Amino acid sequence: MQTSKRPVIARRSVLLLLVLAALLVPVPAFHAPQTHRISIDASQFEYSPGRLTVNRGDTLQVTLTASDVVHGFFLDGYEIDARVEPGISQQFTVSADRSGKFNYRCSVSCGPLHPFMIGELVVGPNEPLWRASAIAVIAAAAMLIGAGTRRSA
């Protein structure tokens, strides 16, 4: 007994279209931009914290300190360059207006491991997890439909 595969193909096509719609439909930002007050300490060839994560549109008010020697802070992609001496903090503001990963590095030769003194600013797209949730719901629906199709066959 042969069964038509058209209903299965049609259901899969609908699910594929739903996944594509969930991935491609533009959504406005749901989270209001926030201001983060962050203290970054530079010492012994590392920054603490070494990784910052914010959303696009957020503002970072950074207080930079040095614990051992003179250090620098250069943020790739934002062209922010600061120099800090031990005991004297520097403050600057970063408007995270671009999504992506941006390295910050010491811009003052501070010792033999200076080239490895790198941190990372991760600017997320400011979208909630609704896309992932929508895809999870669609995948669950696909599994239920697939299970129902196998039982009836």
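A polar contact is taken here as a pair of N or O atoms within 3.5 Å; within protein, one atom must be able to donate a hydrogen and the other to accept it, and residues adjacent in sequence count only if both atoms are side-chain atoms. The structure is a predicted model, in which local features need pLDDT of at least 70 and side-chain atom pairs count only at pLDDT 80 or more, whereas totals for chains, interfaces and linings use all residues. Residues are numbered from 1 along each chain as its sequence is written, and side-chain values use heavy atoms, with hydrogens and water left out.

Asp 58 occupies the loop between strand E3 (51-55) and strand E4 (59-66); strands (E, at least two residues) and helices (H or I, at least four) are DSSP runs numbered from the N terminus. A polar atom of the Asp 58 side chain lies 2.9 Å from the backbone nitrogen of Gln 34. Contacts (heavy atoms within 4.5 Å) of Asp 58, leaving aside neighbours within four places in sequence, include Ala 32, Pro 33, His 36 and Val 94.

Gln 34 belongs to the loop between helix H1 (6-24) and strand E1 (35-43). Residues up to four places away in sequence not being counted, Gln 34 touches Asp 58 and Thr 59.
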